[in-house]
Structures are given as C-alpha cells and as structure tokens.
Amino acid sequence: MRNILIVDDKTTLLETLKDLLEERGYSVVTATTGEEAVKKAGEIGFDIALIDIILPGINGVETLREIKKLHPRIRAILMTAFAFGEFVEKTRDQEAVTILYKPFSPEKMFGVIEPS
C-alpha cells in the first residue's frame, strides 16, 4: 500500500480525492495548511504528496520544500487553478513530478500517480 498526503484548503476537494484514492487501495492522510502537512510528514512516511500551490500560511512550493527535507524521495504533484508562469517554473526546481491544473478528472490524477 502506498501512503499519499493531500494538501488543500478546500475540504470538499480533499474528501473527494481521499475517497477516490482509498477506493484504489491507497492509504490517504489530508491536511488543510502547509504547516499541518509538514507536521504530518514528520510523523508519517509518504510516498506521494498532492499539494495545492495556494494555501493559507506557507504556500505549496514552500510546503514541498519542507517536506522534501524530511522525505527527499517523495513524489510530489502540485495542484493549481491558476497559471503562474515563473512561480510554476520554480516548482520544477523542487522536483515536482507534474502540475495538475484544476479542475482535473480522476483519470488525469491517476495517470500522474500511476504512470504506465
């Protein structure tokens, strides 16, 4: 079983993604802030993190940076509803696997999480 951390301040989206992933057999933990995500990453080893770029407190890029300090090999997928240009390019420096632009389909998400 793979452990996935989902970070987003939209609780409806968190619950939907959690349900979809758990139906596929993943163990899922959620967080609504970057600080909460970093704390949970310090307590649990995650294989994959789906992180929204816009979060209250520290943003998704900084959250990813902090989580990578704890788990350098974690696969990170950043989510956003916006095109940020230079800001998004900085995420590539953080070794984000990809960026999912909201709204995205479950098939798109699984295609990123479960590459063939």
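Strand E4 (residues 75-80) is mostly covered, with 5 of its 6 residues buried (buried means under 20% relative accessible area, exposed over 50% and partly exposed in between, using a 1.4 Å probe and protein chains only). The model is predicted: local features need pLDDT of at least 70, side-chain atom pairs count only at pLDDT 80 or more, and totals for chains, interfaces and linings use all residues. Residues are numbered from 1 along each chain as its sequence is written, and side-chain values use heavy atoms, with hydrogens and water left out. Helices (H or I, at least four residues) and strands (E, at least two) are DSSP runs numbered from the N terminus.

**Strands E3 and E4**

- Strand E3 (residues 48-52) runs parallel to E4, and 5 bridges join them; two strands pair if DSSP finds at least two bridges between them.
- Within this pairing, Ile 48 is placed opposite Arg 75 in E4.
- From E3 the chain passes through helix H3 (residues 60-70) to E4 in a right-handed β-α-β crossover; right-handed means that, with the strands pointing away from the viewer, the path from the first strand over the helix to the second runs clockwise.

**Strands E1 and E2**

- E1 and E2 are parallel and pair over 5 bridges, with Leu 5 opposite Val 29 in E2.
- Strand E2 (residues 27-31) has 4 of its 5 residues buried, so the rest of the structure largely encloses it.
- A right-handed β-α-β unit is made by E1, H1 and E2.

**Ile 4**

- Ile 4 lies in strand E1 and counts as buried because its relative accessibility is 0%.
- Apart from neighbours within four places in sequence, Ile 4 has contacts that include Leu 21, Val 28, Val 29, Phe 46, Ile 48 and Ile 113; contact means heavy atoms within 4.5 Å.
- Ile 4 and Arg 75 are 71 residues apart along the chain, and 9.5 Å separates their C-alpha atoms.

**Asp 8**

- Asp 8 sits in the loop between strand E1 (3-7) and helix H1 (11-23).
- Asp 8 counts as buried because its relative accessibility is 0%.
- The Asp 8 side chain reaches the backbone nitrogen of Lys 10 at 2.9 Å.
- With neighbours within four places in sequence left aside, Asp 8 is in contact with Leu 13, Leu 14, Ala 31, Thr 32, Asp 52, Leu 55, Met 79 and Lys 102.

Notes: Polar contact = N/O pair within 3.5 Å; in protein donor to acceptor, adjacent residues only side chain to side chain.
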